[in-house]
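I opened this model to look up a few things. My notes follow the display.

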Amino acid sequence: MPPLLEIKGLKTHFATDDGMLQAVDGVDLTLNKGETLCVVGESGCGKTVTAMSILKLIAMPPGRIVQGEILFEGRDLVPLTSSQLDDIRAKEIGFIFQEPMTSLNPVLTVGEQVAESLRRHEGLSNKDALDRTVEMFKLVQIPNAAGRLHDYPHQFSGGMRQRVMIAMALACKPKLVIADEPTTALDVTIQAQILDLLQDMKERFGMAVMLITHAMGVVAETAQRVVVMYAGKVVEEADVDSLFASPGHPYTQGLIRSIPRIDLASEHKTRLEAIGGTVPILINPAPGCRFAPRCRHAMQICSEQEPVLREIAPGHRMACHLGAAP
Ligand code: SF4
C-alpha cells in the first residue's frame, strides 16, 4: 500500500541577516495510513519546521521550501497555491498547535470557530455545523458541551482549550493529524489526558498521527514508528520497540539515557545523563556529521564526511559512521 505521506529530500531554509539558516536540510520520511509516527529531537532540530512545511504554515518569507517533495496520497503539496492548500487543511490534514491560546481566534466563540470549519469544508448548514460541533465537544470530553459553544477561548483552562483545538482539528475527520508538541504548555496530569484523548480519537476515526515531541517518554507511550531528528536532518528511524531496544545513533542513545526511570529500585538509580553541548547554529554548518562536536564516539571521518541514512536492520535506518563498512 502506498504511504499516506511521503516527504522526499525536503529542504526548508530561512533568510537571516547572517546568512541562510538551513532549518530542515534534506529530510525524508514516510507515514502510513492509520499509523502514529513520532518525530523527536531537541528544540532547534527542525521537527516543527518539517511539520509546518507540510501545509506551508511557515512564514514565507523569510522561510522557503528550497527543495524536495511532500507527497500526500501521491499528490505533491509543494507547488500548490495557498487557496489550493486551504482545501486540504482541516479537511484532509488537521493540525494541532503547541499553544492553543495563540492559534484560536480570541474574538470568536469556540463554537463559531469549529462550526466555520465544518461549514466551509463540509458544506453544512449553520444548524448542522453547530450540532456537529456539540458532538465533537462531547467526544473530546468538554463538560456541558452545548453550554460552552458560546464561550470565548480565554474562558477555558489550558487543557480544555487544547480539547477545543483537537475537536477543531478532527471535526472534518481528516486522514492525517499533525500534533506539534500538543501537551508542552500543560500540567503533567493534563498532558496524559490529552495524549490518551488523541489516541482514542485516532482509533475512533482511523486517522494517521504525526506527533512532534521532544519527550522520549511520550514517544514510548504513543509511537508505532519514530523518526529522530538532529540539526535539520533525520539521524535515525525505526519502529518504537527496535528504537528503544537497540538505539544505534549516539544522539538517540543520549535521548534515551535522559529519560527518568521510576521503575528501577533505588540502588540501581543513577543520575540522569544530559547530552553535553547544544544544537549547532545552522548557518553555514561545518562539513561532516553535525552531531560530531557533542559525540563521545566521534572519529576523524566524522568531521570530514557527512553520514548518510543506511539500513542497519530491517526497517531500522541511521545516519552514522559507526559500524559502517570502510
Ligand atoms: Fe558520532 Fe561520528 Fe556517528 Fe556523528 S557519525 S554520530 S560523530 S560517530
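**Basis.** I am reading a predicted model, where local features need pLDDT of at least 70, side-chain atom pairs count only at pLDDT 80 or more, and totals for chains, interfaces and linings use all residues. Residues are numbered from 1 along each chain as its sequence is written.

**Confidence.** I checked pLDDT, the predictor's confidence in each residue, from 0 to 100. The protein chain averages 92, and 95% of the residues score at least 70. The model scores ipTM 0.99 and pTM 0.92.

**Ligand shell.** Which residues come nearest to the ligand? I found Cys289, Ala292, Cys295, Cys302 and Cys320, out of 14 residues around the ligand. A residue counts as near if its C-beta atom, placed from the backbone, lies within 6 Å. I then sorted the shell by class: 11 residues are nonpolar, 3 are polar and none is charged. Here Ala, Val, Leu, Ile, Met, Phe, Trp, Tyr, Cys and Pro count as nonpolar, Asp, Glu, Lys and Arg as charged, and the others, Gly among them, as polar.

**Arg296.** I located Arg296 in the loop between helix H10 (250–257) and strand E11 (310–313). Helices (H or I, at least four residues) and strands (E, at least two) are DSSP runs, numbered from the N terminus. Is Arg296 buried or exposed? Arg296 counts as exposed because it has 9 C-beta neighbours inside 10 Å. The cut-offs on C-beta atoms placed from the backbone are 20 or more others within 10 Å for buried, 12 or fewer for exposed, and partly exposed in between. From Arg296 to Pro100 I get 39 Å, C-alpha to C-alpha, across 196 residues of sequence.

**Record.** UniProt, in an unreviewed entry, lists residues 5–256 as "domain: ABC transporter". Such annotations may be inferred rather than shown by experiment. The span is 38% helix and 28% strand, with its end C-alpha atoms 27 Å apart.

**Sheet.** I traced an open sheet of 8 strands with mixed pairing, in the order E6-E7-E8-E3-E9-E10-E12-E11. Strand E6 (93–96) and E11 are the edges, each pairing on one side only. Two strands pair if DSSP finds at least two bridges between them. E11 and strand E12 (residues 316–318) are antiparallel over 3 bridges. Glu311 stands opposite Arg317 in E12.

**Helix H1.** How many residues of H1 (residues 47–54) are buried? I count 8 of its 8, including Lys47 and Ile54. Just after H1, Lys56 takes a positive phi of about 50 degrees.
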